[in-house]
Amino acid sequence: MTINEKMEAAADDLIERFGVGHLVERKELLSLLQDTYQVKESSAMPSDYCYNRVNNGISLTKPTLFEYIGPGRYRCLGAGYPYNGPIYHRPSGAAGDIVIGFCKDGVRAIADGPRKADVSRAETSKGRDPSPRLRYRVLERDRFTCRACGASPAKDSGVSLHIDHIVPWSKGGKTTLDNLQTLCTKCNLGKGDLA
Ligand SMILES: [Zn+2]
């Protein structure tokens, strides 16, 4: 068994015993891995296996099994859970977490681009297109819902969200947090027709 398979098996064990959504402490998880699957504590990183969290330098190839609740605390959901919510990340040196993506029905989508940039610099982009970081600042502020009609991919998987300039770029509108809003495809196209 690979470490990924062992982690997945441990999550299954927990679900079998306590049901989906069981809150598990890192310590409890590590001792289960050690006792049942002979995984050394130093090689088990539960935070690499979260639907809603991505660590530095971690690719998205590991199975998603847990919801990160806080330091050392996880909710055990198991593989294939239709998780919906923002994905958090703490860039190295940053004081807090930022949102870098969204998990839709258990599938994670992460913004491209550097993750080390100063969070405070993310308020503005020079060109028309917002940086991935700014996009996610806008999405996060708008709670991943269309500001016009309230549609959300978390509730309806057919909805996709776009970042829209409130004052259009062509009319001098800036690419700043204040001048950007989240719109669904329908509302975004409707706006384009009127302009
Ligand atoms: Zn809409």
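In what sense do β4 and β5 pair, and over how many bridges? The two strands pair in the antiparallel sense over five bridges, where helices (H or I, at least four residues) and strands (E, at least two) are DSSP runs numbered from the N terminus, and two strands are taken to pair if DSSP finds at least two bridges between them. The model is a predicted one, in which local features need pLDDT of at least 70 and side-chain atom pairs count only at pLDDT 80 or more, whereas totals for chains, interfaces and linings use all residues. Residues are numbered from 1 along each chain as its sequence is written.

The pairing of β4 with β5 belongs to an open sheet of three strands, ordered β4-β5-β6 and antiparallel. Its edge strands are β4 (85-89) and β6 (107-110), each of which pairs on one side only, and the twist from one strand to the next averages 35°, with axes taken as lines fitted to C-alpha atoms and angles running from 0 to 180 degrees between N-to-C directions. Within this sheet, tyrosine 88 has valine 99 of β5 as its bridge partner.

Another open sheet, also antiparallel, is formed by three strands in the order β1-β3-β2. Because β1 (22-25) and β2 (66-70) stand at the edges with a single partner strand each, one side of each is left without a neighbour in the sheet. β2 and β3 (residues 73-76) are joined in the antiparallel sense over four bridges, and glycine 70 stands opposite arginine 73 in β3.

Helix α3 (residues 132-141) is mostly covered, with seven of its 10 residues buried; a residue counts as buried if 20 or more other C-beta atoms, placed from the backbone, lie within 10 Å of its own. Among the buried residues of α3 are Arg133, Tyr136 and Leu139, and the buried residues of this helix pack against β5 (98-104), β7 (161-165) and β8 (180-184). Just after α3, arginine 143 takes a positive phi of about 55°.

Apart from neighbours within four places in sequence, leucine 65 is in contact (C-beta atoms within 7 Å) with residues including Met7, Tyr49 and Cys76.

Terms used:
A residue is buried if 20 or more other C-beta atoms lie within 10 Å of its own, exposed if 12 or fewer, and partly exposed in between; C-beta atoms are placed from the backbone. Two residues are in contact if their C-beta atoms, placed from the backbone, lie within 7 Å.
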